[in-house]
Amino acid sequence: MKKETIIRSLSTSHRAFVDYVNTLSKEEFEFSKNEKWTPGQQLEHLYLSIRPLERILQSSDVLTQFNFGKSSGTSKEYAVLTHYYRTVLEAGAKATPPFLPKVVHFEALQELTKKLVTTNDSLCGNLEKFSEQELDDYFIPHPLLKNLTIREMMYFTMCHIDHHHKRTMANLK
């Protein structure tokens with residue numbers, strides 16, 4: 001998948017989730033079913049998940065400075081990466097502590113949605129700076145999926161937002 005398509009998908013998916021949570025009442029936003037995360041916690045988790053990526057992708061110098069490593073210059077296809085992610089989830093993988101949300105009250109909705117949109121917009125802007133080849137050259141560590149190329153990490157991020165959007169809607173049914 002080309003960079004422009006990835007950026008468009010990231011923007012569309014994040015805005016769709018934000019639009020959805022903005023339609024929720026206080027009761028819905030703070031509702032938890034079977035001890036699952038509330039929509040507010042889903043929102044915070046998504047923000048916590050992309051914030052480090054936005055910072056890491058500020059420039060290729062940052063990637064070199066952190067020395068996450070270089071790949072062979074190829075990335076898995078979107079379908080392969082998303083299948084791998086779903087397999088890891090089905091095996092019982094859970095979010096790790098840096099990405100676990102706290103209790104999120106309805107009053108935080110506007111601030112959190114603004115942070116998510118702003119951070120995603122910045123992430124997409126940072127992604128613009130990389131060539132198609134660089135997206136396949138650099139690794140970024142993922143807490144569950146290990147080293148992913150930048151392109152694979154963006155595929156994960158696309159799948160991740162969709163996963164949590166669907167989960168949020170299902171938990172409110």
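The chain has 8 helices and 2 strands; these are DSSP runs, helices being H or I of at least four residues and strands E of at least two, numbered from the N terminus. This is a predicted model, in which local features need pLDDT of at least 70 and side-chain atom pairs pLDDT 80 or more, while totals for chains, interfaces and linings use all residues. Residues are numbered from 1 along each chain as its sequence is written, and side-chain values use heavy atoms, without hydrogens and water.

**Fold and dimensions**
- From the N terminus, the order of elements is α-α-α-α-α-α-α-β-β-α.
- The radius of gyration is 16 Å, close to the 16 Å from the globule rule for 173 residues, so the chain is as compact as a globular protein of that length. The radius is taken over C-alpha atoms, and the rule is 2.2 Å times the number of residues to the power 0.38.
- The C-alpha trace spans about 50 × 35 × 25 Å along its principal axes.

**Burial and core**
- Of the 173 residues, 46% are buried (under 20% relative accessible area, 1.4 Å probe, protein chains only).
- The largest nonpolar core holds 44 residues. Such a core is a set of buried Ala, Val, Leu, Ile, Met, Phe, Trp, Tyr and Cys residues joined through side-chain atoms within 4.5 Å.
- α1 (3-21), α3 (39-56), α5 (78-90), α6 (109-128) and α8 (150-172) each supply at least two core residues. α8 gives the most, with 8 residues.
- L10 is among the residues with the most contacts inside this core. Beyond four places in sequence, L10 touches N120, L123, C124, L127, M154, T157 and M158 (heavy atoms within 4.5 Å).

Conventions
Buried means under 20% relative accessible area, exposed over 50%, partly exposed in between (1.4 Å probe, protein chains only).
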